[in-house]
Amino acid sequence: MNFESVYINHQSELQLHLSRIVDCPDIAAELVQECFIIFSREARKQIIEHPRGFLFQTAKNLAYDHIKHRKVIEKHLNNTDPTLTIYDELPSTEHLAIINEKLSIFSNIVDELPDRAREAFILNRVYGMTYAEIAIEMNISDSAVEKLLARALLHCRKQFKIHQADFSND
């Protein structure tokens, strides 16, 4: 078997095939070279009856190994260096401005509440305290907490309806 003629007959076809798999002509060229090194080594050990089939199977295996290796590296980099993907996750400046505006409106709505209702609301919604815990904290009954939170929620609901247009432009 003439190694040079096998190389000339199949090199460009193999490279085109691998370029489609790995999506990079430079990597495909490297894999084709590696493929022919393997072919040459195996041709010395045994008779290869179907060189084209051998080359394409070897090339496909090398390409898939390359893709698996690349995915492992990407996964490792994304898990070990969060700064590599942080820019993809950051909201735009415009989105941050909208969020800040909505927070400002929400803060004003909460500030409009009477002092005791605001305190109960913040303890419940911000700090996650139960009605019983709020009652102990504020030294009032459970039913008084219920009334304060009902008043606070009613006020917030009314104000959100008034400002609905401000909250719907996401």
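This short talk covers the salt bridges and one surface patch of the structure above.

Okay, so keep in mind that this is a predicted model, where local features need pLDDT of at least 70, side-chain atom pairs count only at pLDDT 80 or more, and totals for chains, interfaces and linings use all residues. Residues are numbered from 1 along each chain as its sequence is written, and side-chain values use heavy atoms, leaving out hydrogens and water.

Let's start with salt bridges, meaning a side-chain nitrogen of Lys or Arg within 4 Å of a carboxyl oxygen of Asp or Glu. The count here is three.

One of them joins R52 to E13, with the closest N and O atoms 2.5 Å apart. That pair links distant parts of the chain: R52 sits in helix 3 (residues 51-80) and E13 in helix 1 (residues 3-22), 39 residues apart. Helices, by the way, are DSSP runs of H or I with at least four residues, numbered from the N terminus.

How exposed is R52? It's partly exposed, at 40% relative accessibility; the label covers what falls between buried (under 20%) and exposed (over 50%), using a 1.4 Å probe and protein chains only.

Next, E42 pairs with K45 at 3.6 Å, and both lie in helix 2 (residues 25-45), about one turn apart. K45 counts as exposed because its relative accessibility is 61%. Then R118 meets D115 at 2.5 Å, N to O.

Last, the patch: L96, I99 and L103 form a nonpolar one, with about 250 Å² of accessible area together. Patch residues have over 30% relative accessible area and no salt bridge, with nonpolar side chains (Val, Leu, Ile, Met, Phe, Trp, Tyr) joined within 5 Å and like charges within 9 Å. Areas come from the Shrake-Rupley method with a 1.4 Å probe, and for residues only the protein chains shown count as cover. I99 is in helix 5 (residues 93-111).

Key
Helix = DSSP H or I, 4+ residues; strand = E, 2+ residues; numbered from the N terminus.
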